[in-house]
Amino acid sequence: MKSYHKELWFEVPTRRAFINITPQVEQCLKESGIREGLLLCNAMHITASVFINDDESGLHYDYEQWLEKLAPHAPVSQYRHNGYEDNADAHLKRQVMGREVVVAITGGQLHFGTWEQIFYGEFDGRRRKRVLVKIIGE
């Protein structure tokens, strides 16, 4: 069995964003040479997320609005976590959106359903953060 890993780095200039990272992940798969197996992709920071869904701007807008209703950023005083930082809402948003995805690899391709893409969700940006891509298989 082969194993491959790579860290992808992102620095989002805004507090929140959704970035389609499917092309970078597909490049990792190509570099790995693995044709059959599993790919793990996870955010390596507690205020960021990796998830699978449709690449549609209206959906991303809806996510933004929905998450802000669930865990509003302000007032920051509403959260016990906020002392030296103001990112408690980002921790909660990450919990809802998830830490990682696992995708089957079939014939050297990500085995997606219709419209599926991999996204990096940033909830407390303006600094460098990383995403781990780990691939195992043959």
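Visitor: Which residues are buried in H3?
Guide: Ala88, Asp89, Ala90, His91, Lys93, Arg94 and Met97. Keep in mind that this is a predicted model.

Visitor: What does that say about the helix as a whole?
Guide: H3 spans residues 88–97, and seven of its 10 residues are buried, so the helix is largely enclosed by the rest of the structure.

Visitor: What covers the buried residues of H3?
Guide: The cover includes strand S3 (37–43), strand S4 (48–53) and helix H2 (57–70).

Visitor: And what comes just after H3?
Guide: Gly98 does, with a positive phi of about 100 degrees.

Visitor: Switching to aromatics. How many aromatic pairs does the structure hold?
Guide: Six. One of them is Phe10 with Tyr120: the ring centres are 4.8 Å apart and the planes are at 15 degrees, so the pair is stacked.

Visitor: Where do Phe10 and Tyr120 lie?
Guide: Phe10 is in strand S1 (residues 2–11) and Tyr120 is in strand S7 (residues 117–122). The pair therefore ties together parts that are 110 residues apart in sequence.

Visitor: Phe10, buried or exposed?
Guide: Buried, at 10% relative accessibility. Tyr120 is buried too, at 0%.

Visitor: Give me another pair.
Guide: Phe51 and Phe119 are stacked, 5.5 Å centre to centre with 20 degrees between the planes. Phe51 lies in S4 and Phe119 in S7, so this pair ties together parts 68 residues apart in sequence. Both residues are buried.

Visitor: Which residues do ring pairs link into a cluster?
Guide: Phe18, Phe51, Tyr63, Phe119 and Phe123.

Visitor: What sits over the ring of Trp9?
Guide: The charged end of Arg128, 4.2 Å from the ring centre.

Visitor: Now the sheet. In what order do the five strands come?
Guide: S1-S8-S3-S5-S6. The sheet is open and the pairing is antiparallel.

Visitor: Which strands stand at the edges?
Guide: S1 and strand S6 (109–110). Each has a single partner strand, so one side of each is left without a neighbour in the sheet.

Visitor: How many bridges are there between S3 and S5?
Guide: Six, in the antiparallel sense, with S5 covering residues 100–106. Leu39 stands opposite Val103 in S5.

Visitor: Which helix packs on the sheet?
Guide: H1, residues 22–32. H1 touches S1, S3, S5, S6 and strand S8 (128–137). The direction of H1 makes about 150 degrees with that of S1.

Conventions:
Residues numbered from 1 in each chain as written. Predicted model: local features only at pLDDT ≥ 70, side-chain atom pairs only at ≥ 80, totals over all residues. Heavy atoms only, no water. Buried < 20%, exposed > 50% of the residue type's maximum accessible area, 1.4 Å probe, protein only. Helix = DSSP H or I, 4+ residues; strand = E, 2+ residues; numbered from the N terminus. Contact = heavy atoms within 4.5 Å. Phe/Tyr/Trp six-rings, centres within 6.5 Å; stacked < 30°, edge-to-face > 60°. Lys NZ or Arg CZ within 6 Å of the ring centre and 35° of its normal. Pairing = 2+ DSSP bridges. Axes fitted to C-alpha atoms, helices over the stretch in contact; angles between N-to-C directions.
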